[in-house]
Amino acid sequence: LITDLMGQLTDIFGQGLSKSFYPVPQEAIGVGSAFEGWSPQVRGVVYRVLVPLSPPPGHVFRLEPDAAGMLQRNFCVRVELLCTCTREQLGEEDMLCFLHHPEEELRRKQEPSLLHTLCTGSYLDVEKTVHWFCRFVRVAWLLLPQSRHWRLMLQPSSRSCKFQLSKDKESFTAEMVFGVWQGDSDIFVGSQPTQAGVPSTTWLETYAVAEAKFFRHISRQAPQDSWHCKCLQLLTGFLMGVGFSSYALKTVVMHLLTSVPLTRWRRRDFQQRLIDILKYLRRSLETKQLHHFVVGNESFPVEISLPSGLRVAEPPNLFQHLASSADAHTKAVQDYVRLLHQ
């Protein structure tokens, strides 16, 4: 249902925005646990999709690193205008050139450029972009056949378009995160929610698409009765009230999937693989190191496209906070013991 809905919304976006200069949404990509096959629970799961944005005609996106060397790299998306005079002379574009036509003529004959709608200064603004798309979803929803049977309710979120669909006693939550490609790779800078205080022109590097492709890659390679997702599903189901994030457990499992042969993840191996996961997590706690799976991983599948240099970059330590705080490390050890007891 989510996949069909996103496809129809993208079609309506394309038709409705054909004469404007807003970002052009491309086909949505399912990411996160729901699309990777290991959601710990059916109730409460969020079906998350990343919607790539392309620049409108006469515009180009340029990524500018905002702060390097952090756990998650930040970028700003600079919006620049391109000269379209040549295409206009050839009759290929029914638009005026933003750079070389008088401003008065542009105001009279053409929709404003992206710089005057969803940007702050020269940079694409996350919150303005999300707010605009949420308004468009509210209107587009009425044109979809699903609106006759389902009720859509938008939920407050400044950096994603989050909504709940309900029908009778059935309901689920979907979230659209917007992203801009890094070159032609599977790494994006995204609008995903983050801690308070991050400027609205900041886009965070996201590996969600590459990780979702990794799980699909493993599913194609593994035996049909592989239980790797069930291992992750079971353990993340025990995290309620425990301080570990599901992302840390997912990272451990992804590392093990590249070191333990896929033929050893069958149902008969279930108990041993659970033990392996918990042992890996314990060693990571002892050393206070859990390396990021995508960044700096030279064994990451070559079929999944990464930006130049990302495979050989210094991998961020997901447990860096444990190395810098004795209290945080003590609590993490206690949480690990609690996880073992459960």
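**Exercise 1. Determine which residues T84 is in contact with, leaving aside neighbours within four places in sequence, and where T84 sits.**

Step 1. Contact means heavy atoms within 4.5 Å. Leaving aside neighbours within four places in sequence, T84 is in contact with G58, M95, L96 and C97.

Step 2. T84 belongs to the loop between β5 (74-81) and α3 (85-89). Helices (H or I, at least four residues) and strands (E, at least two) are DSSP runs, numbered from the N terminus.

Step 3. The relative accessible area of T84 is 1%, so T84 is buried. Buried means under 20% relative accessible area, exposed over 50%, and partly exposed in between, with a 1.4 Å probe and protein chains only.

The structure is a predicted model, in which local features need pLDDT of at least 70 and side-chain atom pairs count only at pLDDT 80 or more, while totals for chains, interfaces and linings use all residues. Residues are numbered from 1 along each chain as its sequence is written, and side-chain values use heavy atoms, with hydrogens and water left out.

**Exercise 2. Describe the overall build of the protein: its helices and strands, its radius of gyration and its box.**

Step 1. The protein has 11 helices and 12 strands.

Step 2. Its radius of gyration is 23 Å, close to the 20 Å that the globule rule gives for 342 residues, so the protein is as compact as a globular protein of that length. The radius is taken over C-alpha atoms, and the rule is 2.2 Å times the number of residues to the power 0.38.

Step 3. Along the principal axes, the C-alpha atoms fill a box of roughly 70 × 50 × 40 Å.

Step 4. Of the 342 residues, 49% count as buried. Among contacts with a separation of 6 or more, 61% come from residues 24 or more positions apart.

**Exercise 3. Find what share of the accessible surface belongs to carbon and sulfur atoms, and how far apart the mean positions of the charges are.**

Step 1. The accessible surface comes to about 17700 Å², and 50% of this belongs to carbon and sulfur atoms. The areas come from the Shrake-Rupley method with a 1.4 Å probe.

Step 2. There are 36 positive and 33 negative charges, whose mean positions are 9 Å apart. Lys and Arg count as positive and Asp and Glu as negative, while His and the chain ends are not counted. Each charge is placed at NZ of Lys, CZ of Arg, CG of Asp or CD of Glu.

**Exercise 4. State the domain assignment and the residues that take part in the contact between the domains.**

Step 1. The assignment gives domain 1 (1-209) and domain 2 (222-340). Such bounds come from an automatic or database domain assignment.

Step 2. The contact takes 13 residues from domain 1 and 18 residues from domain 2.

Step 3. The C-alpha centres of domain 1 and domain 2 lie 31 Å apart.

**Exercise 5. Give the phi angles of D168 and K288, and say whether each residue counts as buried, partly exposed or exposed.**

Step 1. Phi of D168 is near 55°, a positive value in a residue other than glycine. D168 sits in the loop between β9 (161-167) and β10 (170-181), and at 80% relative accessibility D168 counts as exposed.

Step 2. Phi of K288 is near 60°, also positive in a residue other than glycine. K288 lies in the loop between α9 (270-287) and α10 (320-324). At 28% relative accessibility, K288 counts as partly exposed.
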